[in-house]
Amino acid sequence: MPWRELFTTRLRGGHPTCGAGGRRLPTGTLRSEPAGTSTLNPLDLLADRQLVVVTGKGGVGKTTIAAVLGRALALAGRRVTVLECDPRESLYQMLGVAPSGGERVEAGPRLAFRNLKPRAELDAVVRDRLPLEFLTRRVLASPVYQHFADAAPGMKELAIIGHAYRLVGAASGRGPADCVVLDAPATGHGLSLLAAPALVAQAVGAGPIGKMAEELRGWAGDPGRCAVVVVTQAEDMPVAEALELGEALRRRGGGDALLVANGLYPPLPTDTEPADPWLALWIAERTGNERELARLAAGWSGPRVALPLLALERGPVLVEALRRRFEGGGEPWT
Amino acid sequence: MDLSRESPRLVVVVGSGGVGKTTLAAALGVASAAAGVPTLVMTFDPARRLKDTLGIGAISGDREVPVAVERGELAASLLDARATFDRLVERYAPDPASRDRILRNRFYDELAGNLAGVLEYMAVERLFEVAAGGRYGRVVLDTPPTRQAIDFLEAPRRIVGFLDSGALRIALKPWFDEAGRLRPAQRFGALGRRAERFLDEVVGLGLLRDMAEFFQAFAPLYDGFRQRAREVETLLRAPETEFLLVAGPGEERVPDTLFFARRLLEAGMRLRAVIVNRLHPAPEESRRAELRNADPRDGRALVRWQGERDRRGVEQLRALLAELALIEVPALLSPPQSAAELGDLGARLAVDLRSTRAPVDRPRAR
């Protein structure tokens, strides 16, 4: 009964050790110089974290980056589980495996992924707490529970974070994963995901759920254990949203988030060539990219990495290419 | 769709987030005004530039503001779910005391911002307020940037299901009396009490009390609210309402687009056309072979690769959508900076829309 530990065990201090069989990561702290301007491997910024929350506006490549980070951390020797919350699965394509359907799927050495159904997670709490099938059915069928599960703010999000908490064995010191990469819902919801433990702790107060929420709040809010990665594209709307999100994260406390600017067009050639529609669009896109990169450089106080647009279909080949570039520190920022 | 005609009076622009829906809705609004129909564009969360172009923002709140256009009459408004919800409560609350009870309730506070579908529902709700005002011949409604986008259609039903929950009120009774005080459980015997105790633990009594209070306070509003939600449902399926589905370019988005188109049709919505936005220019046929693994430093080759990907996407969509019109909108070198530039985009759209068939004349998709 995996959930039971959430109700009965107190959170222990200390970080878990890296899994055996791979290279050991140095313990990184989030630094504020842009990763792209140094030889620093940005992966070091996420070393030893138990939870890496990948968030950002829809359509910016969040799932791709979650897959990149999952692969990279697994290659670095950690046992990684990537969790996807979107009911329409796409992570499996990026990892080159079969869809999860809510089950755990092995995606390579030390790497697994799972599509989470938040409601099912919440139901699991009920099953775990009520050993009698009769009672369980009664509670699950009760309209109060139904409406509560649908409407009570923060409960589903709490269940998602709780799942990650259990996977890494944050309370017991030993779980099936060293690190969970969480492909969070698009920004607004991504933030409510991180805010959920505090919200529930406050709303519910005492009692097992309140205690659990309190533990999860301490865990998810500890920058030594949980990191946030904000994915964006160097375009007006996604950048505005990324900056807002960065601001909200700073207010929340819990360390600087790592910014990944995705899908950059390459720098323009110095000589002017005869214009054709393709060159014209390249110029337009790159010019926009540079303007937005400058805006991010001015407005983002934490570390940041830029990744290029590549002529590759969505899938494991793209993920691998991006992983190598990510570990190399990404593209120059200007 | 001929924008100079009276119908459609409501154009709902739907699609996933980040596909340029809001810009196209605004462009369509300018074109509609230019065609002689006083038009209102209702939008969520537009980009800074577009906000500036339309002259909406923090100062205007969710009021309608006139937009300076060359021809015709255009207004724009920004949708604010919370403000609309508050107004609704004010309208349907029987007296100031019950209004304040709801507005101050902590559960309402969370609900108004967090319940899935509230934003979508409020969009339609606000639309109703405007339609009732009768000042505009046409409303172009941009929809919230949901990943699934389909949420929008299910919102009225879901909200009503939630608020109209006699079930919930009854279910909450064992815990609370009319005054919202906790009452001892008596109804279910020992086993039942155990289940109840568990629910108490899970929900937390504070939150449960807030919920009970909220639903009691909301009770006088149910009828008005339910009635309105039914009207909203009817409006979405009305003969004078038409839907435009905006899709991103590229092969990998085809399944999403198809899924959404099918859902709209199945739900009985009158889908006029699918607009594939921001298409990269297709490469010359002689170059197609060399596109794979293009040099990542060669931006021109990258754009050609995107163009090829987009071309294949459109080809697949055309084959799959059969009778449904598909409109191609190329990627612009810069987003429209002024009402005039929005108008240019809108005028091109209007030309393409004119040749599309009305949903009723089209054989129903299987």
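The predicted model scores an ipTM of 0.81 and a pTM of 0.83. For chain A, the mean pLDDT is 81, and 78% of its residues reach 70 or more. Residues 1–38 of chain A form a stretch over which the pLDDT stays under 50. Chain B has a mean pLDDT of 79, with 70% of its residues reaching 70 or more. Within chain B, the pLDDT is below 50 over residues 184–188, a stretch with eight contacts in the model beyond near neighbours in sequence.

The overall make-up of chain B was examined next. Its secondary structure consists of 14 helices and eight strands. Chain B has 366 residues, of which 55% count as buried. The accessible surface of this chain comes to about 15,900 Å², and carbon and sulfur atoms account for 50% of that area. When contacts in chain B between residues at least 6 apart in sequence are considered, 78% join residues at least 24 apart.

In soluble globular proteins, nonpolar side chains tend to be buried together. The largest nonpolar core in the model comprises 50 residues. Within this core, the residues that touch the most other members are Leu51(A), Leu158(A), Leu182(A), Trp219(A) and Val230(A). The greatest contribution to the core comes from helix H7 of chain A, spanning residues 155–167, which supplies eight residues. Another core, of 41 residues, lies apart from this one; Ala66(A), Leu95(A), Phe113(A) and Ala321(A) are among its members. The surroundings of Leu51(A) illustrate how the largest core is connected. With residues up to four places away in sequence left out, Leu51(A) touches Ala164(A), Val180(A), Leu182(A), Trp219(A), Arg225(A), Cys226(A) and Ala227(A).

Rolling a probe the size of a water molecule over the atoms shows where empty space is left. A search of the whole structure found four cavities of 30 Å³ or more. The largest cavity holds about 70 Å³ of space. Its lining is formed by Ala220(A), Cys226(A), Ala227(A), Val228(A), Leu249(A), Arg252(A), Gly254(A), Gly255(A), Asp256(A) and Ala257(A). Two or more lining residues are given by strand E6 (226–233) and by helix H10 (236–252), both of chain A. Strand E6(A) gives the most to this lining, with three residues. Cys226(A) and Ala227(A), which line the cavity, are also among the residues touched by Leu51(A).

Two individual residues were then considered, one in each chain. Asp123(A) is located in helix H4 of chain A, which covers residues 118–129. Because its relative accessible area is 14%, under the 20% limit, Asp123(A) counts as buried. Apart from residues up to four places away in sequence, Asp123(A) touches Leu140(A) and Tyr145(A).

In chain B, Ala75(B) belongs to strand E4, residues 74–78. The relative accessibility of Ala75(B) is 6%, so this residue also counts as buried. Beyond residues up to four places away in sequence, Ala75(B) touches Thr39(B), Leu40(B), Val41(B), Val65(B), Pro66(B), Val67(B) and Tyr136(B). Ala75(B) and Leu291(B), which are separated by 216 residues in sequence, lie 45 Å apart in space from C-alpha to C-alpha.

Terms used: Residues numbered from 1 in each chain as written. Chains lettered and ligands numbered in written order. Predicted model: local features only at pLDDT ≥ 70, side-chain atom pairs only at ≥ 80, totals over all residues. Heavy atoms only, no water. Core = buried A, V, L, I, M, F, W, Y, C linked by side-chain atoms within 4.5 Å. Buried < 20%, exposed > 50% of the residue type's maximum accessible area, 1.4 Å probe, protein only. Helix = DSSP H or I, 4+ residues; strand = E, 2+ residues; numbered from the N terminus. Contact = heavy atoms within 4.5 Å. pLDDT = per-residue confidence, 0-100. Areas by Shrake-Rupley, 256 points an atom, 1.4 Å probe, with all protein chains shown as cover. 1 Å grid on protein atoms, 1.4 Å probe; cavity = no way out; pocket = protein on both sides within 12 Å on 5 of 7 lines; lining within 4 Å. Points joined across faces, edges and corners; volume = space filled by probe spheres on them.
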